Amino acid sequence: MKNEEQRSFFLPAEVDEQIDGYLATTPTSGHTPNDIYAQTSVRDVQAYFAPPRQDEALNRVWQRFAEQRAKTSTLQAGQQYQQSAKILTLATKASSTRQKASGPFRRQLSILAAVIVVTLLIGSTLLLFQQGRHPNKQAGPITRPTAMLALVNQTLYRLDTQTHHPLWQFQASGSKPVLSSFPGQVIDGTYYIWGTNGKQSTLYALDIASGRLRWQNNAANMGSIAVSGNTVYVSSEKDNYLEVVALNAMSGTQKWERRLAQVKKTNTVFPMPPFINLLAASDTAVYGAVNTPETHSSLRFALSAQNGQFIWQRNEVSDNPDFQKSSIQGFLVDGVLCVVQSIETHQIEQIDKSNGLLQGYDVQSGKQLWSKPLDNIPSEATLLNGIIYLNTDGTTVSKKGSIYAFSARDGNLLWQYHRRVASSYPTVTDKGIYTNLYENDKAGQTLVALDTKTGKQRWTYAFHDPITVEYPPAADDNQVYLSLPGNTIQILRASDGKALGSFKIDPQHVDPNNRVLLQVVTQ
(Lines give C-alpha, C1' and ligand atoms only; values in the text may rest on other atoms or scores of the structure.)
Protein backbone atom coordinates (compact mmCIF):
# COMPACT_ATOMS: atom_id res chain seq x y z
CA MET A 1 0.00 0.00 0.00
CA LYS A 2 2.80 2.36 0.89
CA ASN A 3 4.57 1.68 -2.40
CA GLU A 4 1.28 2.19 -4.26
CA GLU A 5 0.77 5.61 -2.65
CA GLN A 6 4.29 6.71 -3.52
CA ARG A 7 3.95 5.69 -7.16
CA SER A 8 3.21 8.61 -9.53
CA PHE A 9 0.03 8.06 -11.54
CA PHE A 10 1.73 9.56 -14.61
CA LEU A 11 5.01 8.01 -15.60
CA PRO A 12 7.27 9.97 -18.01
CA ALA A 13 6.66 7.50 -20.82
CA GLU A 14 2.90 7.77 -20.37
CA VAL A 15 3.04 11.55 -20.36
CA ASP A 16 5.11 11.63 -23.56
CA GLU A 17 2.82 9.13 -25.30
CA GLN A 18 -0.33 11.09 -24.51
CA ILE A 19 1.12 14.51 -25.42
CA ASP A 20 2.71 13.18 -28.63
CA GLY A 21 -0.71 11.90 -29.62
CA TYR A 22 -2.13 15.40 -29.36
CA LEU A 23 0.83 17.26 -30.87
CA ALA A 24 0.83 14.92 -33.87
CA THR A 25 -2.56 16.30 -34.87
CA THR A 26 -1.58 19.95 -34.25
CA PRO A 27 -0.53 22.04 -37.30
CA THR A 28 2.90 23.63 -37.03
CA SER A 29 2.86 25.69 -40.17
CA GLY A 30 0.41 28.34 -39.00
CA HIS A 31 -1.84 29.66 -36.26
CA THR A 32 -5.57 29.15 -36.41
CA PRO A 33 -7.71 30.92 -33.80
CA ASN A 34 -8.15 27.66 -31.91
CA ASP A 35 -4.36 27.06 -31.88
CA ILE A 36 -3.81 30.44 -30.25
CA TYR A 37 -6.66 29.82 -27.81
CA ALA A 38 -5.21 26.42 -26.96
CA GLN A 39 -1.78 27.84 -26.17
CA THR A 40 -3.29 30.58 -24.05
CA SER A 41 -5.54 28.17 -22.17
CA VAL A 42 -2.68 25.80 -21.40
CA ARG A 43 -0.93 28.70 -19.72
CA ASP A 44 -4.09 29.65 -17.82
CA VAL A 45 -4.55 26.11 -16.55
CA GLN A 46 -0.86 25.91 -15.72
CA ALA A 47 -1.23 28.96 -13.53
CA TYR A 48 -4.30 27.56 -11.76
CA PHE A 49 -2.93 24.10 -11.04
CA ALA A 50 0.68 25.09 -10.35
CA PRO A 51 1.77 23.26 -7.15
CA PRO A 52 3.56 25.17 -4.38
CA ARG A 53 6.60 22.98 -4.84
CA GLN A 54 8.20 21.51 -7.91
CA ASP A 55 6.32 18.45 -9.19
CA GLU A 56 8.17 16.29 -11.70
CA ALA A 57 5.17 14.77 -13.44
CA LEU A 58 3.13 17.93 -13.81
CA ASN A 59 6.14 20.01 -14.79
CA ARG A 60 6.81 17.45 -17.51
CA VAL A 61 3.38 18.20 -18.98
CA TRP A 62 4.02 21.94 -18.97
CA GLN A 63 7.50 21.49 -20.42
CA ARG A 64 6.26 19.48 -23.39
CA PHE A 65 3.61 22.03 -24.25
CA ALA A 66 6.18 24.82 -23.81
CA GLU A 67 8.48 23.11 -26.30
CA GLN A 68 5.67 22.93 -28.84
CA ARG A 69 4.82 26.61 -28.28
CA ALA A 70 8.46 27.53 -28.85
CA LYS A 71 8.57 25.53 -32.09
CA THR A 72 5.40 27.18 -33.36
CA SER A 73 6.55 30.64 -32.30
CA THR A 74 9.77 30.25 -34.28
CA LEU A 75 7.77 29.49 -37.42
CA GLN A 76 5.33 32.33 -36.81
CA ALA A 77 7.54 35.08 -35.34
CA GLY A 78 5.79 38.26 -34.50
CA GLN A 79 2.29 37.01 -33.60
CA GLN A 80 0.71 37.25 -30.16
CA TYR A 81 3.88 38.70 -28.55
CA GLN A 82 2.38 41.02 -25.98
CA GLN A 83 -0.55 38.76 -25.10
CA SER A 84 1.70 35.76 -24.49
CA ALA A 85 4.13 37.77 -22.34
CA LYS A 86 1.32 39.07 -20.13
CA ILE A 87 -0.24 35.62 -19.68
CA LEU A 88 3.11 34.06 -18.79
CA THR A 89 3.67 36.76 -16.19
CA LEU A 90 0.25 36.10 -14.67
CA ALA A 91 0.93 32.38 -14.63
CA THR A 92 4.19 32.89 -12.75
CA LYS A 93 2.55 35.12 -10.15
CA ALA A 94 -0.39 32.79 -9.71
CA SER A 95 1.83 29.78 -9.05
CA SER A 96 3.36 31.47 -6.01
CA THR A 97 -0.01 31.97 -4.30
CA ARG A 98 -1.50 28.46 -4.44
CA GLN A 99 -2.23 26.62 -1.19
CA LYS A 100 -0.07 23.68 -0.24
CA ALA A 101 -1.35 20.14 -0.90
CA SER A 102 -2.20 18.16 2.18
CA GLY A 103 -0.70 14.88 1.06
CA PRO A 104 0.42 12.61 -1.81
CA PHE A 105 -3.12 11.52 -2.63
CA ARG A 106 -4.39 15.11 -3.00
CA ARG A 107 -1.33 16.03 -5.04
CA GLN A 108 -1.98 13.12 -7.40
CA LEU A 109 -5.62 14.11 -7.74
CA SER A 110 -4.53 17.65 -8.59
CA ILE A 111 -2.23 16.31 -11.28
CA LEU A 112 -4.98 14.11 -12.67
CA ALA A 113 -7.41 17.03 -12.70
CA ALA A 114 -4.88 19.27 -14.42
CA VAL A 115 -4.22 16.83 -17.24
CA ILE A 116 -7.93 16.11 -17.74
CA VAL A 117 -8.77 19.80 -17.87
CA VAL A 118 -5.92 20.54 -20.29
CA THR A 119 -7.10 17.75 -22.61
CA LEU A 120 -10.70 18.91 -22.54
CA LEU A 121 -9.83 22.57 -23.10
CA ILE A 122 -7.51 21.92 -26.02
CA GLY A 123 -10.11 19.80 -27.78
CA SER A 124 -13.03 22.14 -27.16
CA THR A 125 -14.01 25.62 -28.24
CA LEU A 126 -12.42 26.99 -25.06
CA LEU A 127 -15.22 29.47 -24.46
CA LEU A 128 -14.62 29.65 -20.74
CA PHE A 129 -11.19 31.21 -21.06
CA GLN A 130 -11.95 33.21 -24.19
CA GLN A 131 -14.99 35.20 -23.09
CA GLY A 132 -12.78 38.00 -21.82
CA ARG A 133 -10.93 38.08 -25.17
CA HIS A 134 -14.02 38.17 -27.41
CA PRO A 135 -13.68 41.09 -29.85
CA ASN A 136 -17.26 42.23 -29.26
CA LYS A 137 -16.81 42.52 -25.50
CA GLN A 138 -14.81 45.23 -23.78
CA ALA A 139 -12.92 44.29 -20.64
CA GLY A 140 -13.17 46.64 -17.71
CA PRO A 141 -10.27 48.96 -16.87
CA ILE A 142 -7.39 47.37 -14.98
CA THR A 143 -6.05 49.41 -12.11
CA ARG A 144 -2.30 48.88 -11.85
CA PRO A 145 -0.22 50.03 -8.88
CA THR A 146 2.02 53.03 -9.38
CA ALA A 147 5.31 54.11 -7.83
CA MET A 148 6.71 57.63 -7.42
CA LEU A 149 10.44 58.08 -8.07
CA ALA A 150 12.52 61.22 -7.67
CA LEU A 151 16.11 61.93 -8.75
CA VAL A 152 17.85 64.87 -7.05
CA ASN A 153 21.44 65.54 -5.94
CA GLN A 154 22.59 62.22 -7.45
CA THR A 155 20.22 60.29 -5.20
CA LEU A 156 17.28 58.26 -6.44
CA TYR A 157 14.32 58.11 -4.05
CA ARG A 158 11.15 56.13 -4.06
CA LEU A 159 8.41 58.17 -2.37
CA ASP A 160 5.16 57.13 -0.76
CA THR A 161 2.43 58.29 -3.14
CA GLN A 162 0.28 59.59 -0.28
CA THR A 163 2.72 61.09 2.24
CA HIS A 164 5.60 61.71 -0.23
CA HIS A 165 8.06 60.48 2.39
CA PRO A 166 11.05 58.42 1.15
CA LEU A 167 10.56 54.66 1.19
CA TRP A 168 14.12 53.97 0.05
CA GLN A 169 17.03 55.72 -1.64
CA PHE A 170 19.83 54.64 -3.95
CA GLN A 171 23.22 56.18 -4.71
CA ALA A 172 25.64 54.78 -7.25
CA SER A 173 29.06 53.75 -6.01
CA GLY A 174 32.39 54.96 -7.38
CA SER A 175 34.73 57.92 -7.15
CA LYS A 176 32.62 60.19 -9.41
CA PRO A 177 29.20 58.52 -9.75
CA VAL A 178 26.53 60.27 -11.79
CA LEU A 179 23.03 58.92 -12.36
CA SER A 180 21.56 59.74 -15.74
CA SER A 181 19.06 62.60 -15.90
CA PHE A 182 17.10 60.65 -18.50
CA PRO A 183 14.08 58.98 -16.89
CA GLY A 184 14.57 55.30 -16.11
CA GLN A 185 12.25 52.46 -17.12
CA VAL A 186 10.17 50.13 -14.95
CA ILE A 187 9.56 46.67 -16.39
CA ASP A 188 8.19 43.72 -14.38
CA GLY A 189 9.13 45.19 -11.01
CA THR A 190 12.66 46.24 -11.97
CA TYR A 191 13.77 49.85 -12.43
CA TYR A 192 16.54 50.28 -15.02
CA ILE A 193 18.64 53.44 -14.94
CA TRP A 194 21.99 54.36 -16.47
CA GLY A 195 24.86 56.00 -14.65
CA THR A 196 28.47 56.94 -15.25
CA ASN A 197 31.67 56.92 -13.23
CA GLY A 198 34.34 58.76 -15.18
CA LYS A 199 34.51 57.09 -18.59
CA GLN A 200 32.69 53.99 -17.36
CA SER A 201 28.94 53.64 -18.01
CA THR A 202 26.81 51.32 -15.92
CA LEU A 203 23.26 49.99 -16.22
CA TYR A 204 21.68 49.52 -12.78
CA ALA A 205 18.78 47.12 -12.20
CA LEU A 206 16.93 47.96 -8.97
CA ASP A 207 14.13 46.11 -7.26
CA ILE A 208 11.43 48.79 -7.25
CA ALA A 209 9.79 47.46 -4.07
CA SER A 210 12.89 47.65 -1.87
CA GLY A 211 15.46 49.68 -3.81
CA ARG A 212 17.88 46.75 -3.60
CA LEU A 213 20.47 46.59 -6.39
CA ARG A 214 19.77 43.35 -8.20
CA TRP A 215 22.72 43.68 -10.57
CA GLN A 216 24.75 46.14 -12.60
CA ASN A 217 26.34 45.84 -16.01
CA ASN A 218 29.28 47.95 -17.15
CA ALA A 219 29.54 49.27 -20.71
CA ALA A 220 31.70 51.62 -22.74
CA ASN A 221 28.81 54.07 -23.10
CA MET A 222 25.15 54.48 -22.26
CA GLY A 223 23.03 52.60 -24.77
CA SER A 224 19.39 51.78 -25.28
CA ILE A 225 17.64 48.83 -23.66
CA ALA A 226 14.69 46.58 -24.46
CA VAL A 227 13.19 43.97 -22.15
CA SER A 228 11.03 40.92 -22.79
CA GLY A 229 10.37 38.12 -20.35
CA ASN A 230 13.58 37.08 -18.63
CA THR A 231 15.92 38.88 -21.03
CA VAL A 232 17.30 42.42 -21.05
CA TYR A 233 18.82 43.56 -24.35
CA VAL A 234 21.43 46.33 -24.25
CA SER A 235 23.12 48.16 -27.11
CA SER A 236 26.81 48.61 -26.37
CA GLU A 237 30.28 49.13 -27.80
CA LYS A 238 33.15 46.70 -27.29
CA ASP A 239 36.56 46.54 -28.97
CA ASN A 240 35.50 49.19 -31.53
CA TYR A 241 32.38 47.23 -32.50
CA LEU A 242 28.73 48.05 -31.92
CA GLU A 243 26.89 45.09 -30.49
CA VAL A 244 23.67 43.89 -28.90
CA VAL A 245 24.06 42.00 -25.63
CA ALA A 246 21.40 39.76 -24.09
CA LEU A 247 21.41 39.60 -20.29
CA ASN A 248 19.48 37.50 -17.81
CA ALA A 249 16.90 39.85 -16.26
CA MET A 250 17.22 38.32 -12.80
CA SER A 251 21.00 38.07 -12.48
CA GLY A 252 22.48 40.30 -15.20
CA THR A 253 24.63 37.46 -16.53
CA GLN A 254 25.27 37.46 -20.27
CA LYS A 255 23.35 35.07 -22.51
CA TRP A 256 24.84 36.08 -25.86
CA GLU A 257 26.28 39.01 -27.78
CA ARG A 258 26.02 39.96 -31.44
CA ARG A 259 28.44 42.31 -33.24
CA LEU A 260 26.73 44.48 -35.84
CA ALA A 261 29.05 47.29 -37.01
CA GLN A 262 32.61 48.52 -36.63
CA VAL A 263 33.25 51.96 -35.15
CA LYS A 264 35.92 54.07 -36.81
CA LYS A 265 37.58 56.48 -34.39
CA THR A 266 37.89 60.05 -35.75
CA ASN A 267 38.66 63.46 -34.30
CA THR A 268 35.87 65.19 -36.20
CA VAL A 269 32.44 66.08 -34.82
CA PHE A 270 30.65 65.37 -38.12
CA PRO A 271 29.78 62.91 -39.29
CA MET A 272 28.83 61.29 -36.02
CA PRO A 273 29.94 57.69 -35.41
CA PRO A 274 27.36 54.93 -35.95
CA PHE A 275 25.09 53.98 -33.07
CA ILE A 276 22.45 51.36 -32.23
CA ASN A 277 18.94 52.05 -31.01
CA LEU A 278 16.96 49.08 -29.74
CA LEU A 279 13.33 49.53 -30.70
CA ALA A 280 11.35 46.68 -29.11
CA ALA A 281 11.55 43.07 -27.99
CA SER A 282 9.30 40.02 -27.82
CA ASP A 283 9.66 36.44 -26.63
CA THR A 284 11.18 35.47 -29.99
CA ALA A 285 13.12 38.50 -31.24
CA VAL A 286 14.72 41.84 -30.45
CA TYR A 287 14.33 44.65 -32.97
CA GLY A 288 16.67 47.58 -33.53
CA ALA A 289 18.56 49.74 -35.99
CA VAL A 290 22.19 50.56 -36.69
CA ASN A 291 22.21 54.24 -37.63
CA THR A 292 25.26 55.31 -39.67
CA PRO A 293 25.46 59.08 -40.31
CA GLU A 294 28.58 58.76 -42.47
CA THR A 295 26.69 56.75 -45.11
CA HIS A 296 23.29 58.40 -44.41
CA SER A 297 21.83 54.95 -43.81
CA SER A 298 19.93 52.99 -41.20
CA LEU A 299 20.01 49.19 -40.95
CA ARG A 300 16.88 47.83 -39.28
CA PHE A 301 17.13 44.28 -37.97
CA ALA A 302 15.44 41.51 -36.04
CA LEU A 303 17.67 39.19 -34.00
CA SER A 304 16.66 35.83 -32.59
CA ALA A 305 15.99 36.00 -28.86
CA GLN A 306 17.53 32.56 -28.48
CA ASN A 307 20.98 33.11 -30.01
CA GLY A 308 21.20 36.60 -31.55
CA GLN A 309 21.22 35.40 -35.17
CA PHE A 310 19.58 37.57 -37.84
CA ILE A 311 15.92 36.85 -38.55
CA TRP A 312 15.83 39.67 -41.10
CA GLN A 313 17.68 42.89 -41.90
CA ARG A 314 16.78 45.81 -44.16
CA ASN A 315 18.96 48.77 -45.06
CA GLU A 316 17.53 52.24 -45.76
CA VAL A 317 19.53 55.09 -47.31
CA SER A 318 18.42 58.73 -47.16
CA ASP A 319 17.34 60.20 -50.51
CA ASN A 320 19.18 63.43 -49.67
CA PRO A 321 22.89 62.99 -48.77
CA ASP A 322 22.73 66.08 -46.56
CA PHE A 323 20.19 64.40 -44.25
CA GLN A 324 20.50 61.46 -41.90
CA LYS A 325 17.58 59.11 -41.29
CA SER A 326 17.75 57.47 -37.84
CA SER A 327 15.38 55.01 -36.17
CA ILE A 328 15.12 56.28 -32.61
CA GLN A 329 12.19 54.53 -30.91
CA GLY A 330 9.75 51.69 -31.55
CA PHE A 331 6.79 49.63 -30.35
CA LEU A 332 5.32 46.20 -31.11
CA VAL A 333 1.55 46.17 -31.66
CA ASP A 334 -0.46 43.32 -33.20
CA GLY A 335 2.29 42.09 -35.49
CA VAL A 336 3.38 45.60 -36.49
CA LEU A 337 6.73 47.14 -35.56
CA CYS A 338 6.03 50.88 -35.27
CA VAL A 339 9.23 52.92 -35.70
CA VAL A 340 9.81 56.61 -35.00
CA GLN A 341 12.40 58.02 -37.39
CA SER A 342 14.16 61.37 -37.46
CA ILE A 343 15.40 63.01 -40.67
CA GLU A 344 17.82 65.79 -39.79
CA THR A 345 20.94 67.63 -40.90
CA HIS A 346 23.79 69.43 -39.17
CA GLN A 347 23.85 72.12 -41.87
CA ILE A 348 22.41 75.28 -40.35
CA GLU A 349 21.05 76.65 -43.63
CA GLN A 350 18.87 73.54 -44.10
CA ILE A 351 17.79 72.89 -40.54
CA ASP A 352 14.23 74.06 -41.27
CA LYS A 353 13.88 71.09 -43.62
CA SER A 354 14.46 68.56 -40.84
CA ASN A 355 11.45 66.40 -40.03
CA GLY A 356 10.55 62.83 -39.22
CA LEU A 357 8.38 59.80 -39.94
CA LEU A 358 6.29 57.26 -38.10
CA GLN A 359 6.45 54.00 -40.02
CA GLY A 360 4.93 50.56 -39.61
CA TYR A 361 6.75 47.35 -40.57
CA ASP A 362 5.75 43.70 -40.64
CA VAL A 363 7.52 42.00 -37.72
CA GLN A 364 8.10 38.76 -39.62
CA SER A 365 9.76 40.20 -42.73
CA GLY A 366 10.63 43.84 -41.96
CA LYS A 367 8.58 44.95 -44.99
CA GLN A 368 7.12 48.46 -44.72
CA LEU A 369 3.35 48.55 -44.28
CA TRP A 370 2.65 52.29 -43.93
CA SER A 371 4.38 55.63 -43.40
CA LYS A 372 3.21 58.92 -41.85
CA PRO A 373 5.07 62.26 -42.13
CA LEU A 374 5.86 64.47 -39.13
CA ASP A 375 6.25 68.25 -39.13
CA ASN A 376 9.56 68.28 -37.26
CA ILE A 377 12.19 66.13 -35.56
CA PRO A 378 10.53 63.60 -33.21
CA SER A 379 11.78 63.58 -29.63
CA GLU A 380 9.60 61.26 -27.57
CA ALA A 381 6.76 58.79 -28.10
CA THR A 382 4.47 56.87 -25.75
CA LEU A 383 2.29 53.84 -26.49
CA LEU A 384 -0.96 53.68 -24.50
CA ASN A 385 -4.06 51.60 -25.28
CA GLY A 386 -3.06 50.99 -28.88
CA ILE A 387 -2.36 54.68 -29.60
CA ILE A 388 1.06 56.24 -30.16
CA TYR A 389 1.37 59.75 -28.71
CA LEU A 390 4.35 61.43 -30.35
CA ASN A 391 6.09 64.75 -29.73
CA THR A 392 8.11 66.76 -32.26
CA ASP A 393 10.55 69.51 -31.31
CA GLY A 394 10.68 73.04 -32.64
CA THR A 395 14.02 73.39 -34.43
CA THR A 396 13.83 77.14 -35.10
CA VAL A 397 11.81 80.18 -34.12
CA SER A 398 9.74 79.90 -37.29
CA LYS A 399 9.20 76.14 -37.20
CA LYS A 400 7.43 74.74 -34.14
CA GLY A 401 6.49 71.22 -33.16
CA SER A 402 3.36 69.23 -32.41
CA ILE A 403 1.88 66.46 -30.31
CA TYR A 404 0.32 63.69 -32.42
CA ALA A 405 -1.96 60.76 -31.73
CA PHE A 406 -1.68 57.86 -34.22
CA SER A 407 -3.35 54.48 -34.32
CA ALA A 408 -0.57 51.95 -33.82
CA ARG A 409 -2.34 49.36 -35.96
CA ASP A 410 -2.47 51.29 -39.25
CA GLY A 411 -0.86 54.68 -38.57
CA ASN A 412 -4.15 56.57 -38.91
CA LEU A 413 -3.80 60.14 -37.57
CA LEU A 414 -6.35 60.65 -34.79
CA TRP A 415 -5.47 64.24 -33.90
CA GLN A 416 -2.63 66.79 -33.89
CA TYR A 417 -1.98 69.58 -31.38
CA HIS A 418 0.11 72.43 -32.82
CA ARG A 419 2.39 74.25 -30.38
CA ARG A 420 3.34 77.90 -30.75
CA VAL A 421 6.46 77.65 -28.56
CA ALA A 422 9.03 75.10 -27.38
CA SER A 423 7.99 72.55 -24.80
CA SER A 424 9.08 69.70 -22.57
CA TYR A 425 8.37 66.08 -23.41
CA PRO A 426 4.70 65.26 -22.82
CA THR A 427 3.55 62.93 -20.06
CA VAL A 428 0.68 60.67 -21.11
CA THR A 429 -1.93 59.02 -18.85
CA ASP A 430 -5.40 57.58 -19.41
CA LYS A 431 -6.91 60.84 -18.16
CA GLY A 432 -4.73 63.44 -19.88
CA ILE A 433 -1.54 64.59 -21.62
CA TYR A 434 0.62 67.16 -19.83
CA THR A 435 3.45 69.30 -21.16
CA ASN A 436 5.27 72.51 -20.18
CA LEU A 437 5.30 75.33 -22.73
CA TYR A 438 8.27 77.70 -22.54
CA GLU A 439 7.48 81.31 -23.44
CA ASN A 440 10.19 83.77 -22.33
CA ASP A 441 11.51 85.30 -19.11
CA LYS A 442 8.71 87.89 -18.94
CA ALA A 443 5.79 85.72 -20.02
CA GLY A 444 6.83 82.80 -17.83
CA GLN A 445 5.90 79.21 -18.54
CA THR A 446 2.66 77.27 -18.80
CA LEU A 447 1.67 73.71 -18.00
CA VAL A 448 -0.94 72.60 -20.55
CA ALA A 449 -3.36 69.68 -20.09
CA LEU A 450 -4.80 68.04 -23.22
CA ASP A 451 -7.65 65.58 -23.59
CA THR A 452 -6.21 62.15 -24.43
CA LYS A 453 -8.99 61.25 -26.87
CA THR A 454 -9.34 64.54 -28.78
CA GLY A 455 -6.14 66.53 -28.23
CA LYS A 456 -8.23 69.52 -27.14
CA GLN A 457 -6.83 71.79 -24.42
CA ARG A 458 -8.57 71.16 -21.09
CA TRP A 459 -6.81 73.60 -18.75
CA THR A 460 -3.56 75.52 -18.20
CA TYR A 461 -1.47 76.43 -15.17
CA ALA A 462 0.94 79.39 -15.35
CA PHE A 463 4.18 79.34 -13.37
CA HIS A 464 7.54 81.09 -13.39
CA ASP A 465 10.94 79.46 -13.30
CA PRO A 466 14.10 81.53 -13.90
CA ILE A 467 15.74 78.66 -15.79
CA THR A 468 14.42 76.23 -18.37
CA VAL A 469 14.85 72.63 -17.23
CA GLU A 470 13.05 70.47 -19.73
CA TYR A 471 11.80 67.87 -17.27
CA PRO A 472 8.23 66.88 -18.15
CA PRO A 473 5.48 67.04 -15.53
CA ALA A 474 4.76 63.79 -13.71
CA ALA A 475 1.18 62.57 -13.44
CA ASP A 476 -1.19 59.79 -12.50
CA ASP A 477 -4.93 59.60 -13.17
CA ASN A 478 -5.77 61.97 -10.31
CA GLN A 479 -2.89 64.41 -9.86
CA VAL A 480 -0.19 66.25 -11.83
CA TYR A 481 3.21 67.06 -10.32
CA LEU A 482 5.24 70.08 -11.41
CA SER A 483 8.94 70.42 -10.51
CA LEU A 484 9.80 73.94 -9.30
CA PRO A 485 12.85 75.70 -7.76
CA GLY A 486 13.92 74.79 -4.23
CA ASN A 487 13.37 71.04 -4.74
CA THR A 488 9.65 71.82 -4.59
CA ILE A 489 6.93 69.71 -6.22
CA GLN A 490 3.62 71.48 -6.90
CA ILE A 491 0.55 69.21 -6.84
CA LEU A 492 -2.32 69.99 -9.23
CA ARG A 493 -5.67 68.28 -9.61
CA ALA A 494 -5.73 66.39 -12.90
CA SER A 495 -9.36 67.17 -13.66
CA ASP A 496 -9.10 70.99 -13.64
CA GLY A 497 -5.52 72.04 -12.72
CA LYS A 498 -6.44 73.38 -9.29
CA ALA A 499 -3.43 73.67 -6.93
CA LEU A 500 -3.72 71.16 -4.07
CA GLY A 501 -0.48 71.78 -2.22
CA SER A 502 3.22 71.04 -2.50
CA PHE A 503 6.07 69.09 -0.92
CA LYS A 504 9.87 69.20 -0.96
CA ILE A 505 12.50 66.54 -1.54
CA ASP A 506 15.85 66.79 0.24
CA PRO A 507 15.27 70.48 1.13
CA GLN A 508 18.63 70.68 2.96
CA HIS A 509 20.54 70.38 -0.33
CA VAL A 510 19.06 72.77 -2.88
CA ASP A 511 20.89 73.50 -6.13
CA PRO A 512 19.48 76.67 -7.72
CA ASN A 513 20.53 75.42 -11.16
CA ASN A 514 18.86 72.04 -10.85
CA ARG A 515 15.37 70.62 -10.46
CA VAL A 516 13.90 67.37 -9.20
CA LEU A 517 13.26 64.77 -11.90
CA LEU A 518 10.00 63.17 -10.76
CA GLN A 519 8.38 60.08 -12.28
CA VAL A 520 5.11 58.30 -11.59
CA VAL A 521 5.46 54.85 -13.13
CA THR A 522 3.35 51.71 -13.39
CA GLN A 523 4.91 48.81 -11.55
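Trainee: How many bridges join strand 1 to strand 34, and which residue in strand 34 does M148 stand opposite?

Mentor: In this predicted model, strand 1 (residues 146-152) and strand 34 run antiparallel and are joined by six bridges. Within strand 34, the residue opposite M148 is V520.

Trainee: Which strands are the edge strands of the open sheet?

Mentor: The open sheet consists of four antiparallel strands in the order 3-2-1-34. An edge strand pairs on one side only, which applies to strand 3 (166-170) and strand 34 (517-522). Neighbouring strands of this sheet are turned by 25° against each other on average, direction ignored. The edge strands are thus named: strand 3 and strand 34.

Trainee: Is strand 6 mostly covered or mostly uncovered, and how many of its residues are buried?

Mentor: Strand 6 spans residues 190-197, eight residues. Taking buried as under 20% relative accessible area, strand 6 is mostly covered, with six residues buried.

Trainee: Over how many bridges does strand 6 pair with strand 7?

Mentor: Strand 6 pairs in the antiparallel sense with strand 4 (residues 177-179) over three bridges, and G195 is the bridge partner of L179. With strand 7 (residues 200-207), where L206 is the bridge partner of Y191, the antiparallel pairing of strand 6 has eight bridges.

Trainee: Which residue has a positive phi in the turn between strand 5 and strand 6?

Mentor: Strand 5 (residues 185-187) pairs with strand 6 in the antiparallel sense, and I187 stands opposite T190. The two strands form a hairpin with two residues between them, and the residue with a positive phi, about 50°, is D188.

How values were computed. Residues numbered from 1 in each chain as written. Predicted model: local features only at pLDDT ≥ 70, side-chain atom pairs only at ≥ 80, totals over all residues. Heavy atoms only, no water. Buried < 20%, exposed > 50% of the residue type's maximum accessible area, 1.4 Å probe, protein only. Pairing = 2+ DSSP bridges. Axes fitted to C-alpha atoms, helices over the stretch in contact; angles between N-to-C directions.
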